[in-house]
Structure formats: C-alpha cells, structure tokens
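The sequence and the structure are shown first.

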Amino acid sequence: MSKKNMDWANIGFNYHVADLRYVSNYKDGKWDSGILTEDSRVVLSEDAGVLHYAQEVFEGLKAYETEDGHIVCFRPDLNAKRMVESAQRLEMPPFPEERFIEAVEQVVKANEDWVPPFGSGATLYIRPLMFATGNVIGVKPADEYQFRIFVTPVGPYFKGGAKPITVKISDFDRAAPHGTGNIKAGLNYAMSLHAIVTAHDEGFAENVYLDAQSRTYIEETGGANILFVDADGNLVVPKSFTDSILPSITRRSIVQVAKDYLGLKVDERPVKLEEVSNFKEMGLCGTAAVISPVGKINDHGKEICFESGMEEMGPVIKKLYDTLTGIQMGEIEAPEGWVHRIK
Ligand code: PLP
Ligand code: COI
C-alpha cells in the first residue's frame, strides 16, 4: 500500500474517483447486506423517485491521518443520526446508524491510499448519500432505495484557505419556515444553486440567507453555519425560531469547545442582521468549511466590515480553529467519543 501520488496541497474541493465505494440497496422492506464496488456509476430507471420528486438525502464527514499514522474520523455517530432524521422527514427508510458507521469504516479502509498525509492541508471527504431508485409516477415515496458512500480527497472549500472571504446577503431564501432547512437533503441545495452562481458572478464567496419569514434574522450560508464574536469576545451563534438552520455537527462541537476548552461565553440566540455591525469577527463552520473566516458582508451595497479585516482570521476564530482542528487531527485530547479510530 502506498499513498496516491497527488499534489495534496493544491487539490481544491473537487471530486477524484477513488478505488472503492460502499453500496447497499433497499428492497421488499429491507436493506441488503451491502458491498464494496469499483463501479462509481449509478444506473436508474427513468421513473426512479429521485429523478422526479427529489427523494435524496446525504451527509458529509472527513477522515484524517494523525501524526502517528492512524486514520480517524470525527463524530460519525452524529452524521449517522442526522441521516436517519433527514430520511424520516422525506419518508425514506432510515439506514441503521451502526451500519452507517461500519460502512464508513469499510470505505475509508478500502481507500486508505487516498487519505491525505498528516500535515498536507488536505483530508479525505466522505460522502454518504441515499436516494429513491424505485418507480413512482404519482406523488408518493418510492419503495426501493440505494445507500452509497464514496470518498474523495479534498483541500479547502474556499479558495485561499484561511484567508477571509466576503459574503453577500442574499435576496433568495434557502429554506421555508418549518420546511426542510434543518435536514440534509439535496433539494435544499438545488434551491441555492441560482443564488450561489449569482453571488459568484458578483464576486462574493457565499450567500448569507435571512429567515424567510421576516427577512430580519441571520440564518446560515449555502453550505455552512455562522459564528460571530461580539465586542466582549463572546461567541454568538445564530439560532432559528422557524427551525430552518441545518444542525451542523461542526457548530455543535465548536460551541462545546468554546465553553469547555477556551472558557468562552456562548450565546445561542436569534441574531438580527441589524446588530451584525456590532460584532468583531465572523466565521463559517461546517465539515467542508471547517472554520472559514469572513472579513466582510455586503448588504445590498452597504459593507459591514469586521475588525479582524481581510488578511487573517480574527483572534477568537483562530483559537477556535486551532483547537477544533487539533482535536480532529488527534493533537489535542478530544472529549469522549469524538474521535473515531478507523485504523
Ligand atoms: N449548513 C449547511 C447548509 C451545510 O451544507 C453544512 C454542511 O454539512 C453545514 C451547515 C455544516 O454542517 P456540518 O458541520 O455537520 O458539516
Ligand atoms: C459539508 O460540509 O459536508 C457539506 O455538505 C457542505 C457542502 C457545501 C459541501
């Protein structure tokens, strides 16, 4: 076994076809035992439920090589659980949580050579997904599904890595109040594609979505939750009163790290757009984003500039970043159960 020969520092956030993926199919009311396969393609009937009524949910987590050569992943139990919740919301049969974790282990082990080396700046992104393969024509849930996990090595989600980005307040909504914003379903991202292309065309890295009901409160971005640091150095985390923010595993972990490792006060509450100019630092957090600093928000031409500026991460966001990534890579002792050893 030897590592793939890749320019790990410059791979970006792109798909590379790794060697093996895990596939299990659901038929006649049960999931089959699952296999590892070389076949990266999916062949579907033209009448498959996913193609018509978007019955698809997914997850994202990462595997890391530690300094002493082990391979670990971060809190896969929470991805397994969130995928069950996403599936239930879309009337799909949940994939059992313990089998999810075993499948993650199998795929990562089978693609060990694709795990980027410790310290390379890259990680192995793990993408579990589940979709309706069974035929439907009337609007109803299908009765056959596929669960699949593939992996791909990735670098930073935003170009420039730790360099602060500029985001815009979007005129589009990501999620309806009490809709599907709190689950990880492809349909939420389909909603965001025109908005992200528009934002990129205008020179912004991401969209900040407001609550769709009052368009007053900050919710999240297209692919990450939001963190602020207030003038007293406290962490302020936007909370949705219409339950339309994805419950980010990274964000929930950061809240605990902020309190227990850094002794910060954490305020999880609805955050109005109009109060954001009082904050000192902003970051986006998620599996792909890790913690990406934001230097500036553009609100319809009005700029909200954070004190931390456009050159580097603010001091509190940096401390959170260093502590979280230190835990994920095995350099800082993790809370019980957070770091899952695969090899
Ligand atoms: N919000 C959205 C819309 C996302 O797509 C993601 C990515 O998974 C997150 C937040 C962050 O969630 P997590 O930290 O569980 O990856
Ligand atoms: C993740 O962070 O895992 C996601 O799914 C976000 C996506 C924008 C890549």
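Lys168 stands opposite Asn207 in strand β10. The pairing behind this contact is between strand β9 (residues 165-169) and β10, which run parallel and share three bridges; two strands pair if DSSP finds at least two bridges between them. Helices (H or I, at least four residues) and strands (E, at least two) are DSSP runs, numbered from the N terminus.

This is a predicted model, in which local features need pLDDT of at least 70, side-chain atom pairs count only at pLDDT 80 or more, and totals for chains, interfaces and linings use all residues. Residues are numbered from 1 along each chain as its sequence is written, chains are lettered from A and ligands numbered from 1 in the order in which they are written, and side-chain values use heavy atoms, with hydrogens and water left out.

**Strand β10 and its surroundings**

Together with helix α4 (residues 186-201), β9 and β10 make a right-handed β-α-β unit; right-handed means that, with the strands pointing away from the viewer, the path from the first strand over the helix to the second runs clockwise. Strand β10 also pairs with β11 (residues 218-221), in the antiparallel sense and through two bridges. Here Val208 has Thr221 of β11 as its bridge partner.

In a regular strand the side chains alternate between the two faces of the sheet. In β10, Glu206, Val208 and Leu210 point one way, while Asn207 and Tyr209 point the other way. Five of the five residues of β10 (residues 206-210) are buried, so the strand is largely enclosed by the rest of the structure. Buried means under 20% relative accessible area, exposed over 50% and partly exposed in between (1.4 Å probe, protein chains only).

**Salt bridges**

The whole structure contains 16 salt bridges, each defined as a side-chain nitrogen of Lys or Arg within 4 Å of a carboxyl oxygen of Asp or Glu. Three of these pairs are listed below.

| Pair | Closest N to O |
|---|---|
| Arg41 and Asp39 | 3.0 Å |
| Glu85 and Lys81 | 3.2 Å |

Lys343 is partly exposed, at 40% relative accessible area.

Glu85 and Lys81 are four residues apart in helix α2 (residues 76-89), a separation of about one helical turn. Glu85 is partly exposed at 38%, and Lys81 is partly exposed at 42%. Arg41 is exposed, with a relative accessible area of 58%, whereas Asp39 is partly exposed at 32%. A network of salt bridges links Asp267, Arg269 and Glu275.
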